[in-house]
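I opened my notebook to look up a few things in a new model. Here is what I wrote down, entry by entry.

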Amino acid sequence: IRDRYKFGDFGGQLDFGTNIGNRMQARIGYLFTHRTIRVETGLPQFPEDDANDAGLTLNAIYDSRDSRFSPTSGLAMALEYAASDDALGADRDWQRAEIGLGLAVPVFGRDVWWVTAAGGSDLDGDLPADRAFTIGGPSSFPGYELGELRVRGYWTVGSSYLWKFKDIAAIRGDALYAGLGLQATRTYDRVDELPGENIYGASLFLRGRTLVGPLTVGIGGTSTDQWSLWVAVGRPIGHGTILERGIFR
């Protein structure tokens, strides 16, 4: 039986920030969250708990994409840092930092080449298991289920080529693409206490802006013999690594 957990969060965040030109934004904030952890199925790899996390957050983004979904050109970058400190109302001290990059390059006037890279670290701290980075899903690593791997450090690089095969509404840029993606990831300090490893994967997918909204359909596999199939209409809520934030879709 696969372990499954239920997390409950109640709290809020207050940010102050500034726009730097038309493409960059930086923010600093204070976060307070009461988190509950409950085991739904399986044997617990980390204990059930109730804890307050509170502290400072830093966020910065740069975005020159030509579209908010499935861009055909442009660069996106994001940096996130969070630190929970008992001096600011927390029950536990930890910190984590994550950075991501996505680049879209037009090819032959119709196709698109994507490059992504990301990494996260607990900065040699004592990051609780429930605050670890989660890997898995079509954006962070096709082949794994959403959030299947939970780690305290990782890096990942990926590349995808998208062939444009159907215009839907050319005046709005709505089109369908067939894509082939390759990805490599290294994990560190896994919550399940298995050793970190290099993981390689590949995926085939259909993606694009359609009359009913953003569409993605695909299948992915990994070097660890994992497979997954996904279908999504619309813009999913951010989940997992920084590559699943809206700026990288």
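**Entry 1: the enclosed space**

I began with the largest cavity, which holds about 40 Å³ of space. The model is predicted, so I noted the rules: local features need pLDDT of at least 70, side-chain atom pairs count only at pLDDT 80 or more, and totals for chains, interfaces and linings use all residues. Residues are numbered from 1 along each chain as its sequence is written, and side-chain values use heavy atoms, with hydrogens and water left out.

I checked what the words mean. On a 1 Å grid over the protein atoms alone, a cavity is a set of points where a 1.4 Å probe fits but cannot get out, a pocket is an open set with protein on both sides within 12 Å along at least five of seven lines, and lining residues have an atom within 4 Å of a point. Grid points are joined across faces, edges and corners, and a volume is the space filled by probe spheres set on the points.

How many cavities of 30 Å³ or more are there? I found a count of 1. I listed its lining as L31, D53, A54, G55, L56, T57, A82, A83, S84 and W94. Strand β3 (49-63) gives the most, with 5 residues. Strands here are DSSP runs (E, at least two residues), numbered from the N terminus. I sorted the lining into 6 nonpolar, 3 polar and 1 charged. For this sorting, Ala, Val, Leu, Ile, Met, Phe, Trp, Tyr, Cys and Pro are nonpolar, Asp, Glu, Lys and Arg are charged, and the others, Gly among them, are polar.

Next I looked up the second largest pocket, with about 900 Å³ of space. I counted 46 lining residues, and G137, P138, S139, P142 and R207 lie nearest the centre. Elements giving two or more residues to this lining include β4 (74-84), β5 (94-107), β6 (111-121) and β10 (198-210). The lining splits into 24 nonpolar, 17 polar and 5 charged residues.

**Entry 2: paired strands**

I followed β4 into β5: they run antiparallel, joined by 11 bridges. Strands pair if DSSP finds at least two bridges between them. Here L79 stands opposite I99 in β5. β5 also pairs with β6 in the antiparallel sense, over 11 bridges, and G100 stands opposite A118 in β6. β5 and β6 form a hairpin with 3 residues between them, and F108 in the turn has a positive phi of about 60 degrees.

**Entry 3: one serine**

I found S203 in strand β10. Is S203 buried or exposed? S203 counts as buried because its relative accessibility is 8%, and buried means under 20% relative accessible area (exposed is over 50%, partly exposed in between; 1.4 Å probe, protein chains only). Not counting residues up to four places away in sequence, S203 touches P142, G179, L180, G181, I219, G220 and W230. Contact means heavy atoms within 4.5 Å.

**Entry 4: aromatic rings**

I searched the whole structure and got 3 aromatic pairs. One of them is F133 with Y154, edge-to-face, at 5.5 Å centre to centre and 65 degrees between the planes. Rings of Phe, Tyr and Trp (its six-membered ring) pair if their centres lie within 6.5 Å; planes under 30 degrees apart are stacked, over 60 edge-to-face, and the rest tilted. Both F133 and Y154 are buried.

How values were computed
Helix = DSSP H or I, 4+ residues; strand = E, 2+ residues; numbered from the N terminus.
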